[in-house]
Structures are given as C-alpha cells and as structure tokens.
Amino acid sequence: MGILNVTPDSFSDGGRFLDPQRAIDHARQMVDQGADILDIGAESTRPYGGAVAVSPEEELLRLQPVLSVVTTLGVPVSIDTMKAKVALAALVAGASIVNDVWGLQRDPDMARVVADHAVPVIVMHNREAADPAIDIMADMAAFFSRSLEIAERAGVTREQIVLDPGIGFGKTPEQSIMAIARLAELKSFGLPLLIGASRKRFIDSISPAPPDRRIGGSIASHLLAVQNGAAIVRTHDVAETVQAFRVAAAIRNAT
Ligand code: HH2
C-alpha cells in the first residue's frame, strides 16, 4: 500500500503533494513501482502530536481533484480519514477501502457508511496518549474487541475487516517495537493484519535519522512484520519496499 498524503503538514512528507498534479504524478509512480493499493489522506493524523484539525469540507476540497484521477489508475484506493462524511464522499468518488485511524470508534456514523457500501475497512488501534505503564498488546486486544462489536452492530461483516496495530499512535517507541515483535498474537482475531511502520519515530529512537532517512528501518520493520503475520504493508517508499520483498521471497523460495 503506497501512501499519498495531500496535506501541508504530514510528519514525513507534508506539503510535497498538496499540489494535485504532483500528487497524481506521485500516485502514478507508486503504481508503476508495484503498489497494489493507494492510501490517500487529506488530514494529517500526526501520530506525534501537533496535527491541525481540518473540516470535512477542507478535507474534501484537497481530495477531490486527486481522487477523480487516482481512482482510474487500476489499483484499489483507500481513503485515510476518521470522518464518515469524508469516507462517504470518497467512496462515491471511486475509493473502495476505508482506513480509519480510530478503528470505527471516533465518528459514530463511520461503521454505517462502511456497512452501506460493503467495502473493506482498516481498523487501526489508537489512544489519546501513550502510557508506558500499560500492556500494549492487552490494550490493543480490548480496543479491537470494541471495534468489532461496533462493526457487528452496524452490519459490517468480519470479511470486511483488516486490523492494524497503529505503529506510533498513542504508543511509546518501545510499545511500537513490541507491537511488531508480538504481532502474531493479533492473528487470534482471525483477520488480515496491516502494518504501517514507514519512516516512524520509533526508528529514530533506535538509529537516529530524520524521516526521509528511515527507509532501512522501515523495511526491516515491514519484513519482520510480514514474517509475524502482516498481509499488507503501508509505505512511503514503494520501490525500495517492493525490491526488499522480492529479494526476501526469492531467498526464501530457493531453500
Ligand atoms: N499511519 C499514518 C497515517 N495513517 N493508517 C493506518 N491504517 N496505519 C498507519 O500506521 C497509519 C495510517 C501516519 O503516517 P503518514 O500518513 O505518513 O503521516 P500523517 O498522518 O502525518 O499524514
């Protein structure tokens, strides 16, 4: 899954793709490089604080010129939003997956929109603030159980749901590392898993580097996450990630 942020303030690429033509060119490039899904977002979630809240109208204004083209590139487009109104408009405009960084627990209308359109939904774990004292895996399990209840009540089927530990969201660096190390425990839900470690801050805590110099750490995280059960990898760096996975697969298949 290639990341397309049409935002002025995303933590690693804010402002680079706010111009619609640049965003579209970048989307095309990611598809050419081997992205199977594009994830488009118009509001920074800024896992590390400082996100500027955006109205649904502003979010849609940023999305519309880009969405109308990226939905014709031959890969499914996922809409990264926590707002039901934005998700609905994006689905009508051709997006076919909803990516909710609050796991259906923020906007009370989100689950219904997903049910009405019968599309896949990425349910990501999140917390208002990190708490180093908690067992992050237990917190995630409780959060996902709540999300699954909300989904069921709204008529979202289990076949529509993908779970995501939400690397960097409401987690200390140690807890983000733990979430990848113990990802296999989430397989007990019997649902596909997505991992988004791309350029995140926990990498810097291990091997200091600014966001655009964290590709090595991102790839290491994603390879191990897939080994631990992830089915989808969300990345800013599609070419490097595809190469890493192709080489890893060739080596594995050679034995
Ligand atoms: N991470 C970010 C945004 N959306 N969605 C899912 N499902 N999983 C993630 O890990 C995830 C996500 C943060 O990264 P980015 O999009 O680069 O930054 P920003 O939110 O600042 O635009």
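1. How far is an oxygen atom of the ligand from an N or O atom in the side chain of Ser-10? The distance is 2.4 Å. The model is predicted, so local features need pLDDT of at least 70 and side-chain atom pairs pLDDT 80 or more, while totals for chains, interfaces and linings use all residues. Residues are numbered from 1 along each chain as its sequence is written, and side-chain values use heavy atoms, without hydrogens and water.

2. The protein buries 99% of the 470 Å² that the ligand exposes when taken alone (Shrake-Rupley method, 1.4 Å probe).

3. The shell around the ligand (heavy atom within 4 Å) has 17 residues, with Ser-10, Ser-44, Thr-45, Asp-164 and Lys-200 coming nearest. By class, five are nonpolar, seven polar and five charged (Gly counts as polar).

4. The largest pocket holds about 400 Å³ of space (a volume is the space filled by probe spheres set on the grid points). Its lining has 27 residues, and Thr-45, Arg-46, Pro-47, Gly-49 and Phe-169 lie nearest the centre. Helices H6 (173-181) and H7 (201-206) each supply at least two lining residues.

5. The second largest pocket has a volume of about 300 Å³. Met-1, Gly-34, Asp-36, Val-233 and Val-242 are the closest to its centre among 17 lining residues. H9 gives the largest share of that lining, five residues.

Note on methods: A polar contact is a pair of N or O atoms within 3.5 Å; within protein, one must be able to donate a hydrogen and the other to accept it, and residues adjacent in sequence count only if both atoms are side-chain atoms. On a 1 Å grid over the protein atoms alone, a cavity is a set of points where a 1.4 Å probe fits but cannot get out, and a pocket is an open set with protein on both sides within 12 Å along at least five of seven lines; lining residues have an atom within 4 Å of a point. Helices (H or I, at least four residues) and strands (E, at least two) are DSSP runs, numbered from the N terminus.
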